[in-house]
Amino acid sequence: MDEILKQSQLIENDYVKQWKNSAKPVVGYICVATPIEIIEAGGILPYRVRALGSSSTEIADAHLSRFNCSFCRSCLNLGLSGAYDFLDGMIETNGCDHLRGMIENWNYVKKFAFFHYLRVPQIVEEDSMTYFEEELRLYQKALEGHFGRKIDDEGLWAQIQLQNRIREKLKTIYQMREREQSSFTGAEILSIFLLGSAIPSSVLEKLLDRVIEERRNKTLDGYKARLLIAGSITDEVNFIKEIENIGGLVVSDALCYGSRAFWPRVYEEQKDPIKVLAKMYLENLLCPRMFNDFSKRREFVLNAVQRAKVEGVILVHNKFCDVHGVDNVQLRIALEKEGIPVLQLEKDYGGKADTGRLKTRVQAFLERIKGH
Amino acid sequence: MKLFPVGLFDRLANQLAFLSIWPAPIVRTFGSLLLKAKRILDDDTYNALSALFAERNKDVSMAFLKMLSKWISSAKNASGEGKKVLLVPFNFPVEAIHAFDKAVPLTSEVLSTLGVIGLKGQGEQYWDMAMALGLPDHMCSANTVELGSVLSEEDFKPDAIISSAPGGCDVNSKIHEFVSNYLGIPQFFLQKPPDDSGKGFKLYTIYMHKLIKQLEEFIGEKMSEEKLRRVMEKANRCTELYYEIWDIHKAVPCPVPNLFSLFLYGVRFTMWGTDEGIETLETMVKIAKKRLQEKAYPAEKEVARCIWCYTSYYFDLAGFFNWMEEQGYTHLGDGLDLCFPKIIDTSSMDNMVEGLALSAWNMPMTRQVGGESMSGSWTEDVIYAVTELNADCVIYCGHHSCKQTWSVVSILRNEVQKRTGIPLLVLQGDSWIKRMTPISVLQKEIDEFIKNVVLRKKAQGKRKIRRSKKED
């Protein structure tokens, strides 16, 4: 776990350095709707862009505005300041308006050597599924064409099986996290996802085995309440730490650097690996950028609340994040209907000035749910 | 009809119903008389009337209000006539709904705009109602003013909501989804693939076919080919008039009053494809042509010609549209005018449905920031308008909720400056709610920009397009 905690706090971790030293390419992506199996099947390392709590946005603010989400501004800032110069390309998706703007500005100011736009439909139905399959084939071809690597069915199946195994291991970790005597803090779990999306999956699989073994008998205590956190993209380990430092153990989540990145994906046997991936990624994205499936998102959170015996839910969104800003209101209403206490937080990404206010609100929430 | 309604829609319906019972000359005279009796009016009403009943605007204002009166009363009387009211966003082609006998469209942004223009309190209480539910303050006021009123459950409730914003605007899509879930109203979607290849449009046409089928089932009426043809032919007439108005804008000084920009897309978003829509546009053309002949302009001279690249400001028509032209600053139109409608082939049902898909594809916002590149099509459209209409500058209103345009306005600014040599001003303000940036501050910024930047550039002849035209 120590290795995960250390490496997850670096943009260019040791695994990326080793990968680059052996002259192999790294491709960036941002959204969990990006099937990384296709990238890895080409012998390319997929790297999920993050800001790691960096709140500096001076360079980015010349391009994006203060009305854009500060997570995207922070990522753009890192990109334009050279922190991501190790990337050999970028995959854009139409995740949200801010994300699109971030990538468009990044590419405008500092052209990516390789750039591909993977278009992800926002409503699941037969025609959009067919369209997404075609999009995945174009994405596959683009990677093959630029990097000169063959991505064949055999390679795709191998990656799909690897991700299936990883998913099972992550589920084991979640069982250990969500059980009555939890074995992980929420901050540790976030660190696993951070590192896991910045290293080769084959390495991640081994690390997960080690972590499961290491934590099998560990139990955490001394916390006031069991919490679930859901909402906007966040890679702020310190934000989770702050919550846990004042007594709220984050025993589950519905974050895209968390359970939403693996749990809902269901493997279904089919002859064509691209069809398998299209269905796995699009059908249960559980992101509010999708329409017509709020009930699925609500059920996902309610199930996690029940499974992990959660006492309170924190719904968080980065200022100006519209998709989560609105969805969190719907979720709050739905959860409160079920008698689940909810704290809705709007915050600036990485903003240290915000810490005091957020801590006070979480403290008050903990007092509310524990009745003292 | 409630005597003292509290909801935005009901209040507007009452006001417009009152206007519609009187013959036009009486309303015209009454409006002018009211302006002379400022003390009996509240500031908000006086402000709106002074813009609408300014000499250069009043004939078109009358036609526009008459048209809106029909639009809103159709929705008001819908349930009594066995019709369904479908709430649509501004980027949905309303002619698709006009083609049904048993359905009427209502556009949420237009209702918000009318509330902001014409109601005491300018609709802010409805915005506050939405905020009270916990919705974030970075929602779009264009939707939230009206939807706040719907959410209060003290106003009309649409029978269904159509959302065509997925792919073009997150915030618009999400607020409509929220209202649908909160009130248990069915919702239908027209998602826009951010794909400028033929593949994207092909899929979009399939979605349009599917949407029509869903609507037919919901409304309980098969869309008739004949009725659709009649509507589309009228829509084609609207298109011809749109381009007539576009062309008249090219004259120097511009004979088209600034407020016509709002009237033009007001028609597009409500009654496109109807007789009332045609009548309003014809009045606009008639007045604009007359002014062209007379070389009429509200100020002594036209000082600067401005393209507003996205929305304008609607909370103070007199302080914005009228004030600008009284300074000699022509508002040549804004991003919402940039829908560039096409003449639709009405020879078959399939062609007409494809035509509807094309119209939806080309609606403002959808065709620009809903494109494959958020800045790409937007830049092309703005530069085209700048070139065609001989603009001296571009101004971005900076409506705070437009995260997509805020995301790429820096690219637009760079490209406009690089390719045309004219400057682009980025303002900050809410287009519908005055509490964010008062009109006096905006006026000052526009004034300083034009005097210190635009006019200097003009004097230095740094405009690339003009220079290259001369060289040609």
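1. In this predicted model, Tyr396(B) stands opposite Val426(B), a residue of strand β8(B). The strand β7 (residues 393-396) of chain B and β8(B) run parallel and are joined by 3 bridges.

2. These strands belong to an open sheet of 4 strands in chain B, ordered β6-β5-β7-β8 with parallel pairing. At the edges are β6 (329-334) and β8 (424-426) of chain B, each of which pairs on one side only. On average, and with direction ignored, neighbouring strands of the sheet are turned by 25° against each other.

3. Helix α16 (residues 376-389) of chain B packs on this sheet, where β5 (304-308), β6 and β7 of chain B are touched by the helix. The direction of α16 makes about 160° with that of β5(B).

4. Turning to chain A, helix α12 (residues 294-307) has 14 residues. From first C-alpha to last, α12 reaches 20 Å, close to the 20 Å expected at 1.5 Å a residue. After the helix comes Lys309(A), with a positive phi near 50°.

5. Which residues of α12(A) are buried? They are Phe294(A), Arg297(A), Phe300(A), Val301(A), Leu302(A), Ala304(A) and Val305(A).

Definitions and conventions:
Residues are numbered from 1 along each chain as its sequence is written. Chains are lettered from A and ligands numbered from 1 in the order in which they are written. This is a predicted model: local features need pLDDT of at least 70, side-chain atom pairs count only at pLDDT 80 or more; totals for chains, interfaces and linings use all residues. Side-chain values use heavy atoms; hydrogens and water are left out. Helices (H or I, at least four residues) and strands (E, at least two) are DSSP runs, numbered from the N terminus. The expected span of a helix is 1.5 Å times one less than its number of residues. Buried means under 20% relative accessible area, exposed over 50%, partly exposed in between (1.4 Å probe, protein chains only). Two strands pair if DSSP finds at least two bridges between them. Axes are lines fitted to C-alpha atoms, for helices over the stretch in contact, and angles run from 0 to 180 degrees between N-to-C directions. Contact means heavy atoms within 4.5 Å.
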